[in-house]
Number of protein chains: 2
Amino acid sequence: MNRLILLAGGTVMALAVFRGPIHAEEGMWTFDNPPTRLIQDKYNFAITQQWLDHVRLSSVRLNDGGSGSFVSPTGLLLTNHHVALGQLQKNSTPEHDYVKSGFYARTSAEEIKSPDLEVNVLVSMENVTARVQDALKGARNPEQEFAKRKDVITAIERESLEKTGFRSDVVTLYQGGEYWLYRYKKYTDVRIVFAPEQQIAFFGGDPDNFTYPRYDLDFALFRVYENGQPIQSQNYLKWNPKGAAAGELVFVSGHPGSTQRLDTLAQLEAERDLYEPATLKILHSRIDTLKKYSATGPEAARRAMTQIFGLENSLKAYDGREKGLQDKRVMDAKRADETKFKARVAANPQWKAAYGSAWDQIAASEKKAQTRFKEQYFHGLNSSLASLAQQIVQYVAEIKKPDGERLAGYHESQLESLRLALFSPAPIYPDMEIARIMGALELDLAEAGPNDPWVKMVLNGKSPHEVATELVNGTKLTDPEVRKKLIEGGESAVAASNDSMIVLARKLDPTRRELTKWLEDNVQSVEQRAGEQLGKARFAAFGKSTYPDATFTLRLSYGQVKGYPMNGTIAPPMTTMYGLYDRSASFGDTGPFELPQRYVDGRTKLDLSTPFNFVTTNDIIGGNSGSPVVNKNGEIVGLIFDGNIESLVGDFVYEGETNRAVAVHTAAITEALRKIYGADALANELLR
Amino acid sequence: MNRLILLAGGTVMALAVFRGPIHAEEGMWTFDNPPTRLIQDKYNFAITQQWLDHVRLSSVRLNDGGSGSFVSPTGLLLTNHHVALGQLQKNSTPEHDYVKSGFYARTSAEEIKSPDLEVNVLVSMENVTARVQDALKGARNPEQEFAKRKDVITAIERESLEKTGFRSDVVTLYQGGEYWLYRYKKYTDVRIVFAPEQQIAFFGGDPDNFTYPRYDLDFALFRVYENGQPIQSQNYLKWNPKGAAAGELVFVSGHPGSTQRLDTLAQLEAERDLYEPATLKILHSRIDTLKKYSATGPEAARRAMTQIFGLENSLKAYDGREKGLQDKRVMDAKRADETKFKARVAANPQWKAAYGSAWDQIAASEKKAQTRFKEQYFHGLNSSLASLAQQIVQYVAEIKKPDGERLAGYHESQLESLRLALFSPAPIYPDMEIARIMGALELDLAEAGPNDPWVKMVLNGKSPHEVATELVNGTKLTDPEVRKKLIEGGESAVAASNDSMIVLARKLDPTRRELTKWLEDNVQSVEQRAGEQLGKARFAAFGKSTYPDATFTLRLSYGQVKGYPMNGTIAPPMTTMYGLYDRSASFGDTGPFELPQRYVDGRTKLDLSTPFNFVTTNDIIGGNSGSPVVNKNGEIVGLIFDGNIESLVGDFVYEGETNRAVAVHTAAITEALRKIYGADALANELLR
């Protein structure tokens with residue numbers, strides 16, 4: 001469910017407004033505004049500030065796109081196998097395939113460092129709304145406002161970084177109704193301690209992905225180091241080996257990536273009619289490309305596996321979104337919401353004057369954005385090397401500008417994280433790059449057409465295959481040292497380079513900048529301003545009784561362990577290890593339902609009635625992968641790894657009757673560590 | 001899935017026409033016209049006449065509403081537990097509850113006779129179309145045709161019975177496109193040999209009913225006797241203990257009750273808008289009544305259980321039908337079919353003249369039928385005693401008429417079966433009768449209204465509760481001897497009786513007869529004639545390349561063991577015993593998911609990878625319950641007991657991608673008999 005990792009930039013113009021009354025158990029709440037009253041009323045449980053701080057400081061965000069938590073005083077970090085997958089893959093070779101075989105460091109010496117994993121802990125939150133909104137005063141149009149907003153935000157982040165040394169991000173919540181400065185403690189020495197075989201972490205494969213009942217041991221353990229020593233985590237979630245019980249109140253603390261629950265109808269319709277189909281087209285094309293590449297041999301299959309996994313995951317998620325957008329009930333509900341909100345605003349002359357035109361402004365900018373839709377979707381190279389080249393070309397230029405004027409991603413406060421990614425020693429496979437670029441160019445050619453200026457510029461009269469081959473064969477960017485030298489050499493070194501990828505990136509750079517600028521001036525600036533109006537209108541009309549759309553920042557959701565009506569019957573609150581063996585045998589132990597040999601051999605050692613996966617009513621979304629499921633005592637009782645198929649509409653609406661988060665039960669992890677993996681030492685450490 | 005047992009008379013005017021090209025694996029084929037070519041083409045298997053005869057003569061129909069098969073040379077008859085349920089219930093007492101505890105006769109002396117079970121084997125089929133159609137010549141209007149048709153059919157049946165001694169039924173196929181005389185060998189000494197606990201036969205209860213994956217051991221074994229000795233079945237299906245394999249070609253031979261696939265749009269719309277909602281209303285009311293009654297104590301709960309089971313089964317089935325009828329895709333497909341068929345007929349002047357008005361005739365008679373809709377649906381007493389009284393009153397009158405003029409059900413050839421039911425020693429519970437009558441009258445009162453003549457006549461100024469109590473307290477019909485005496489005493493005895501139920505039945509009899517006659521004259525006669533026209537039109541336009549709608553007569557379907565797309569993932573071709581334990585533990589071993597103690601105790605003895613239930617693409621419907629699943633060698637490899645939720649639209653259309661028959665695997669039966677029930681002797685007999 002890490003769809004957020006992929007295609008994150010898909011919808012440049014996604015923008016959220018927010019609405020009135022919410023449903024029970026709905027919501028991805030910020031830690032400054034938890035639904036204390038709702039929880040007290042329904043579950044008779046009083047959340048304390050101490051409890052909140054404990055959970056927040058035990059929660060982590062991984063820059064690979066997921067969430068996690070500290071689960072021992074000695075730096076053990078629990079997340080999903082599929083969040084750790086990229087790092088496992090980057091450390092694997094044909095001889096040591098940790099994705100396939102799993103990994104267990106029996107001693108700290110055997111722990112493997114992740115090449116480019118960064119982990120963030122949210123250590124403080126500060127409301128900076130007043131400062132940001134004050135800074136906008138005097139702007140005469142949306143473009144000026146946009147520039148001023150960017151400027152003040154960059155300044156706040158830089159100042160904070162300088163003052164505290166913490167990673168500092170200003171987060172836009174309630175669409176500019178509020179701005180918050182989030183400070184993160186950052187860790188970059190993160191070592192792999194344990195991962196099971198992918199075959200059990202992702203048992204059931206793509207068919208079972210986003211479904212339930214489910215039987216996945218989708219967990220991995222890292223250990224976080226600082227100054228060469230495991231950190232002494234003061235805040236960690238105590239391991240509860242009994243795990244979650246049916247009906248129990250549970251919390252999820254994690255980093256939901258993005259939702260569009262508060263989009264206007266105009267935005268949702270554009271999403272439905274234009275962007276969603278384009279995204280699906282791209283996903284299908286990318287998957288086709290990699291499957292063809294995989295078929296060339298077992299090592300190719302190993303190399304492509306992680307990406308195919310992610311893309312199929314995204315495809316299924318987008319299919320679900322698509323169904324939601326196509327669902328008349330969903331759109332009717334959205335229309336009714338908007339009509340009601342508009343009427344409320346129109347009824348108050350002051351509100352009407354201040355906010356009444358926001359919907360039309362957004363609709364107009366959506367129309368405008370669509371005129372350059374193909375450039376946003378079908379000018380892609382789908383290449384790690386091309387991305388690195390683009391970043392290098394931009395880096396050396398941006399770095400020379402005042403912080404507030406730089407492109408997003410190149411601000412002072414972001415540079416350290418960016419360099420971690422730029423200089424990562426993770427392998428890049430030239431043959432796979434060629435396949436990916438060729439596939440992407442074929443799609444661009446088909447969709448944007450041979451007369452599209454960008455297509456002409458890139459192809460330059462040659463075939464996609466020729467261009468891809470020349471680009472990859474003519475670059476040395478696979479070597480992180482080469483990338484480092486270019487960055488160190490600055491603009492002159494980059495300008496002088498005849499590396500094929502750098503040459504192309506230089507050529508494309510003006511086009512990219514022009515599009516970015518055009519979108520800022522014509523779409524983002526307008527929608528940010530209109531969004532702020534709607535945000536304020538909501539506060540005025542409904543008060544601050546709700547939560548903002550997801551922004552890959554820390555959120556708390558509450559709910560209970562609970563089955564749901566499914567396919568004519570009831571899905572159970574949890575599954576057991578019996579079910580793993582049933583599903584495998586049901587399909588003749590083949591394909592994605594094949595059991596790892598360890599599980600065939602170890603069956604009689606297991607207590608098969610051990611709970612395996614379970615479902616809760618907690619409101620989550622992509623990015624929550626790896627989030628801890630926490631009980632009232634602040635202990636960990638489960639590990640979020642997926643949502644059910646009914647939850648895929650969750651980008652737009654929370655449907656409490658069937659929307660379920662899917663989690664790994666801590667009892668299953670404990671049982672497997674001891675009886676399947678002989679990892680008693682690790683189990684003991686968790687239980688210490 | 002024995003919904004056919006209940007509410008069988010719900011749609012008096014249901015009438016089938018038939019259409020053109022059919023889908024792969026669709027079809028409930030008559031044994032005279034099997035889809036030999038389709039099977040040969042897809043599966044490279046040639047059906048022989050010998051194979052067909054073997055399967056047909058091994059198949060049985062049970063008058064309790066299901067199907068079955070002979071599975072040993074010594075008269076063992078396999079069917080579903082839920083088909084045997086009525087007989088188990090009738091032999092149970094508070095002290096010996098065979099429904100709850102199961103039953104196993106270790107010796108033939110311990111076998112228990114079923115009080116009123118009749119079993120039929122189709123021994124011959126004769127095409128009598130020419131004789132029936134000749135007899136209609138000279139009729140000047142639909143009513144005359146109706147009378148002549150009834151007359152000739154009755155004569156054929158009576159002559160056959162006299163000549164052969166076999167139960168003889170004329171079956172209308174292809175809506176009068178063909179008439180066939182089916183002769184049945186009849187058995188009435190049918191003894192219970194084995195039944196598991198209902199808790200395992202119906203594991204998962206109402207929630208899992210009509211769903212899959214599934215874990216039900218829904219089987220029972222009878223032994224058929226003749227002249228006090230077990231019959232020597234020459235035709236029986238050899239027990240294959242390995243059972244069905246994924247992908248295997250399999251056949252189902254059984255008695256699908258009723259389908260409406262060839263109904264005209266006018267009929268389907270009436271079904272959707274009027275009859276279906278009324279049926280659902282009745283089912284909800286009946287279930288409410290019995291649940292309230294059940295709540296009065298454990299013995300009441302035991303008494304009502306079988307009926308609640310059946311009603312909930314029907315409710316779920318009708319819910320599925322309703323969804324099908326409400327599904328725009330289904331109705332659009334039906335509309336497209338009809339438009340095409342009409343155009344084909346209109347294009348040929350001769351056909352147009354002969355058949356072109358049939359659709360309008362049916363639409364007109366549907367309109368007419370609706371004017372007396374409430375009388376058909378809301379003049380019900382829901383009482384076993386009232387039904388017996390009605391039958392007694394009608395019996396003594398009808399028996400004096402010439403055979404061809406009698407009401408349906410009282411023809412000479414039907415009397416023996418009727419008497420078996422009339423004189424059944426099965427218990428009737430007065431307190432439950434009172435509850436049922438009261439509930440039914442309350443519904444009638446609410447729906448037909450207090451001024452409805454029938455309602456006035458029955459209530460006679462009293463409350464439903466008063467009437468129900470008086471009726472039940474004033475009757476002796478619970479005693480089969482009393483019923484026998486009334487029948488033996490004939491019209492004068494019945495006329496002289498002051499038994500409350502008989503008195504009421506006499507009072508209602510003229511009203512019932514008037515409605516029956518009115519429906520015959522205004523609806524059935526018109527729709528039979530128009531149906532025949534459409535039947536002939538189909539033959540003319542498309543040839544005899546298809547199958548007739550189901551009529552509770554023997555049919556053959558073919559298909560393969562195959563999973564299907566479900567809820568975002570794939571349902572497996574089969575489940576295993578592991579899954580039984582998973583589903584139970586998943587729900588904390590409670591409610592309908594509680595395991596019988598034998599299964600808790602016997603778990604370690606079982607090979608949990610034993611296949612349990614499986615799904616096939618065979619086209620079946622209610623009435624197929626208990627049908628054998630037969631392999632190419634004519635061996636039994638499974639036992640049909642349900643359809644999945646996606647199959648419920650099957651009354652109207654077969655959707656091959658998701659429509660699945662659900663069966664018990666013979667390996668599961670063998671494993672359970674030996675390891676759970678210590679019934680090695682019985683298992684050995686099956687395997688002999």
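This is a predicted model: local features need pLDDT of at least 70, side-chain atom pairs count only at pLDDT 80 or more; totals for chains, interfaces and linings use all residues.
Helix 13 of chain A shows both conditions. This helix covers residues 358–370, and its 13 residues reach 19 Å from the first C-alpha to the last, close to the 18 Å expected at 1.5 Å a residue. Its buried residues are A358(A), W359(A), I362(A), S365(A), E366(A) and A369(A). They lie on the same side of helix 13 of chain A, because they cover an arc of only 130° around the axis. In general, an α-helix has 3.6 residues a turn, so residues three or four places apart point the same way. On the other side of helix 13 of chain A, D360(A) and K367(A) are exposed. The buried residues of this helix pack against several helices of chain A, among them helix 9 (265–294) and helix 21 (500–542).

Strand 13 of chain B, residues 555–560, has five of its six residues buried, so it is largely enclosed by the rest of the structure. Strand 12 of chain B (residues 249–254) pairs with strand 13 in the antiparallel sense, over six bridges. Within this pairing, S557(B) is the bridge partner of V252(B).

The two chains also meet. Chain B and chain A each bring 26 residues to the contact. On the side of chain B that touches chain A, helix 22 (577–586) is one of the elements that supply at least two residues. Helix 22 of chain B gives the most to that side, with seven residues.

Note on methods. Residues are numbered from 1 along each chain as its sequence is written. Chains are lettered from A and ligands numbered from 1 in the order in which they are written. Two residues are in contact if their C-beta atoms, placed from the backbone, lie within 7 Å. Helices (H or I, at least four residues) and strands (E, at least two) are DSSP runs, numbered from the N terminus. The expected span of a helix is 1.5 Å times one less than its number of residues. A residue is buried if 20 or more other C-beta atoms lie within 10 Å of its own, exposed if 12 or fewer, and partly exposed in between; C-beta atoms are placed from the backbone. The arc is that of the directions from the helix axis to the C-beta atoms. Two strands pair if DSSP finds at least two bridges between them.
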